[in-house]
There are 2 protein chains.
Amino acid sequence: MKFSIDRELLQQTLVDVSKGLSDKKPLPVLTGIKIEATDESLIFTTTNKEISVQITLNAGDNVIIEETGYCVVPGKYFVEIAKKIEGKLVDFTVFEEKTIKIVSERSDFTLIAYDKEFFPSVNFDSKNEPISFESKSLKQLIRQTAFAAATSESRIILTSVNFAILKQMVIVTATDSFRLARKEQEIETGYSKTIVNIPSKSLEELGKILDDSSDSVNMYLIDKTILFKYKNISFLTRLVEGNYPDTSSLFPKEKMLSIKFKKADIVAAVDRASLFTNSDNLSVVKFNVSASKTIEISSNSTEIGKVVEEVEALEISSNFPFQTAFSTKYLNDALRAIDDSIIEINFTGEIKPAVIKGEKTPELTQLLLPVRVF
Amino acid sequence: MKFSIDRELLQQTLVDVSKGLSDKKPLPVLTGIKIEATDESLIFTTTNKEISVQITLNAGDNVIIEETGYCVVPGKYFVEIAKKIEGKLVDFTVFEEKTIKIVSERSDFTLIAYDKEFFPSVNFDSKNEPISFESKSLKQLIRQTAFAAATSESRIILTSVNFAILKQMVIVTATDSFRLARKEQEIETGYSKTIVNIPSKSLEELGKILDDSSDSVNMYLIDKTILFKYKNISFLTRLVEGNYPDTSSLFPKEKMLSIKFKKADIVAAVDRASLFTNSDNLSVVKFNVSASKTIEISSNSTEIGKVVEEVEALEISSNFPFQTAFSTKYLNDALRAIDDSIIEINFTGEIKPAVIKGEKTPELTQLLLPVRVF
């Protein structure tokens with residue numbers, strides 16, 4: 001097996017394909033990248049128990065295949081080598097199925113190949129009709145929702161992001177039961193009713209591969225997995241089984257107090273107000289609304305002291321006094337997920353969730369349960 | 001006590017004075033910054049067991065003193081507050097000796113003052129004649145030598161940097177017994193024979209305060225401490241007691257093989273050659289000199305593989321075959337400390353130290369003991 005490849009193309013390919021690398025020792029072969037050279041193309045494959053990635057490069061000026069074959073190369077080291085080598089072309093040769101030579105300019109690397117027979121076969125075939133997204137919209141959708149999923153595995157279903165697809169609309173929901181992110185988005189191609197729970201970590205890895213471009217990302221449902229096809233990249237992830245909880249009852253119907261802020265003002269004020277943490281080492285900020293447009297955002301610690309920030313609201317729906325408090329981290333996450341210069345917070349009660357939305361982006365809703373500190 | 005101060009001036013002052021902050025809990029008052037307001041000036045002081053810093057700001061347009069007095073403010077939080085607040089002026093007021101209010105634009109911080117009676121008094125008086133350095137030369141001198149001092153405290157004297165001053169020359173030496181950095185430098189003002197051992201960590205903190213400017217830094221010897229005065233900053237550090245070992249015998253007298261490299265070439269080659277670490281998790285690079293100007297720099301790991309880099313020498317003194325090996329980290333540290341585009345390595349034997357110098361900077365010598373791997 002022997003090929004030459006443009007260095008920059010190799011670097012980008014390895015960064016993308018390494019999203020499916022295992023970093024765990026028990027199955028060493030999964031820490032490797034399978035590379036297959038055929039007459040027409042070079043195929044890079046990785047797989048761990050969650051994610052599998054395959055990237056196909058067609059033979060041409062940047063990919064010159066001299067001898068077909070396949071091998072499994074230690075992933076981490078190959079990625080590091082590709083980052084540090086110089087020169088335009090990288091030569092890759094496998095000797096006697098066990099020694100890999102990587103040569104570029106005056107650098108000569110020898111790697112010991114993994115036993116290729118142990119590399120599992122992964123099926124990236126797509127048969128049924130895809131659901132189509134625009135790359136930049138899907139990237140944004142992931143950034144705006146996946147963070148709200150649970151990281152603790154105590155309720156495994158909450159570590160996933162729920163995609164509910166009906167016709168040309170997808171409703172995406174993520175929650176860890178203290179906060180929730182939900183986005184409604186139109187999709188390019190219609191589809192019959194489908195509900196899938198995609199691990200939030202898989203989505204975050206996919207988000208790193210996607211560009212802010214208008215290129216299409218096609219999503220295929222295959223048994224208990226989901227396959228994304230983007231340019232020359234196939235990204236397969238397992239799904240989380242089970243029923244995602246019904247979250248519709250969490251959305252408050254009543255309105256109580258609605259305040260509009262400039263996003264920059266409230267983000268800066270919350271940032272400063274969170275300098276002191278409470279005795280549990282949790283940072284909590286309080287909102288204090290009085291009979292004016294000046295909202296007080298504050299925090300205090302008996303040991304250190306107190307911060308009071310005044311933020312001028314752009315609009316306020318009523319002027320009765322009201323107090324509530326939020327986890328600073330959760331509030332920050334929600335505010336930063338909203339790509340809008342004006343943010344509206346709807347408070348529905350001291351112990352009921354607040355609804356946070358951008359003025360011009362009603363399709364995205366962030367729900368936040370208050371913290372009881374009074 | 002009450003004053004107003006320009007925000008940017010406050011930020012810079014706090015960053016510099018915090019070099020003397022303690023991060024340890026046992027003596028909480030040492031995690032504080034003492035601020036004294038007199039009619040003429042504002043004086044910031046920190047002290048821990050190693051370093052004390054004092055910065056004096058004269059009253060004027062940027063520093064408006066309304067009421068004299070002094071207090072000790074929690075250091076870490078005040079630094080964080082100064083970084084995050086907005087507005088041009090910051091108002092600082094102490095109420096009843098125990099509550100500190102820091103107000104800027106629409107932010108209002110309340111901090112609980114430390115008990116000021118417990119703050120130790122530090123003497124920053126300078127009586128005797130100083131030794132003068134140019135700020136940028138002293139900053140460079142620290143960067144080129146202090147890294148070679150020991151970090152382990154098993155031989156405490158080696159955690160210091162030795163300054164041997166005679167007339168208008170200072171010889172600075174740092175070694176951890178595996179490598180050594182030595183620089184000879186002229187100083188602005190002459191001085192009688194003086195030898196001091198300054199903790200390398202103190203010098204590194206001082207280096208962060210110094211600018212790349214031509215301003216003078218005056219160094220005063222006071223009992224078992226050394227005081228640096230730079231602009232409006234006084235920086236006091238304890239010295240390490242004891243006799244610094246005589247290192248003159250370490251400098252090889254014989255010459256064996258001398259090779260000149262472009263610095264950029266050898267730094268890049270060593271960087272790539274160090275991708276694989278050996279079984280002890282130590283990265284070691286081998287030099288292989290044969291009968292040509294092409295030098296081989298390589299490393300190998302039985303588990304992962306091998307790297308061979310070829311570097312073209314600019315000059316080579318003899319052409320008999322020679323092999324040696326170095327710790328990659330130590331070699332990298334030495335090469336990066338040399339501000340010269342051409343580097344000369346003098347090998348004096350397989351188990352004798354190599355002497356590394358810049359072609360045009362003979363005043364700086366880096367010694368490196370080989371690692372035995374053959």
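A charge sits over a ring if NZ of Lys or CZ of Arg is within 6 Å of the ring centre and within 35 degrees of the ring normal. The model is predicted, so that local features need pLDDT of at least 70 and side-chain atom pairs count only at pLDDT 80 or more, while totals for chains, interfaces and linings use all residues. Residues are numbered from 1 along each chain as its sequence is written, chains are lettered from A and ligands numbered from 1 in the order in which they are written, and side-chain values use heavy atoms, with hydrogens and water left out.

**Exercise 1. Charges over rings**

Find the ring that lies under A:Arg182, and the ring that lies under B:Lys116.

Solution. Step 1: A:Arg182 is placed over the face of A:Phe251, 4.9 Å from the ring centre. Step 2: in chain B, the ring under B:Lys116 is that of B:Tyr70, with 4.3 Å to the ring centre.

**Exercise 2. Aromatic pairs**

Classify the pair formed by A:Phe228 and A:Phe235, and state whether A:Phe228 is buried or exposed.

Solution. Step 1: rings of Phe, Tyr and Trp (its six-membered ring) pair if their centres lie within 6.5 Å; planes under 30 degrees apart count as stacked, over 60 as edge-to-face and the rest as tilted. Step 2: the whole structure holds 14 aromatic pairs over all chains. Step 3: in the pair of A:Phe228 and A:Phe235 the centres are 6.4 Å apart and the planes make 65°, which is edge-to-face. Step 4: buried means under 20% relative accessible area, exposed over 50%, and partly exposed in between (1.4 Å probe, protein chains only). Step 5: A:Phe228 has 1% relative accessibility and so counts as buried; A:Phe235, at 1%, is buried too. Step 6: an aromatic cluster in chain A consists of A:Phe287, A:Phe322, A:Phe326 and A:Phe347.

**Exercise 3. A sheet of chain A and its helices**

Give the strand order of the open sheet of 8 strands in chain A, and say which helix touches β2 and β6.

Solution. Step 1: helices (H or I, at least four residues) and strands (E, at least two) are DSSP runs, numbered from the N terminus; two strands pair if DSSP finds at least two bridges between them. Step 2: the order is β6-β2-β3-β4-β17-β16-β15-β10, with antiparallel pairing. Step 3: β6 (69-74) and β10 (131-134) of chain A are the edge strands; each has a single partner strand, so one side of each lacks a neighbour in the sheet. Step 4: from one strand to the next the twist averages 20°. Step 5: β16 (residues 225-230) and β17 (residues 233-238) of chain A are antiparallel and share 6 bridges, and A:Lys229 has A:Ser234 in β17(A) as its bridge partner. Step 6: contact means heavy atoms within 4.5 Å; axes are lines fitted to C-alpha atoms, for helices over the stretch in contact, and angles run from 0 to 180 degrees between N-to-C directions. Step 7: helix α1 (residues 7-17) of chain A packs on the sheet and touches β2 (32-37), β3 (41-47), β4 (51-58) and β17 of chain A, at about 160° to the direction of β4(A). Step 8: the helix touching β2 and β6 of chain A is α2 (residues 75-84), which packs on the sheet at about 90° to the direction of β6(A).

**Exercise 4. Residues with positive phi**

Locate B:Glu97 and B:Lys167, and state how each is exposed.

Solution. Step 1: most residues other than glycine have a negative phi. Step 2: B:Glu97, not a glycine, has a positive phi of about 65°. Step 3: B:Glu97 sits in the loop between β7 (89-95) and β8 (99-104) of chain B, and is exposed with a relative accessible area of 55%. Step 4: B:Lys167 has a positive phi near 50°. Step 5: B:Lys167 belongs to the loop between β11 (160-166) and β12 (169-175) of chain B and is exposed at 60% relative accessible area.

**Exercise 5. Partners of B:Lys286**

Name the residue opposite B:Lys286 in β23(B) and its bridge partner in β20(B).

Solution. Step 1: β19 (residues 284-289) and β23 (residues 322-327) of chain B pair in the antiparallel sense over 6 bridges; there, B:Ala325 stands opposite B:Lys286. Step 2: β19(B) also pairs with β20 (residues 294-301) of chain B, antiparallel over 4 bridges, and B:Ser298 is the bridge partner of B:Lys286 in β20(B). Step 3: a hairpin of 4 residues links β19(B) to β20(B).
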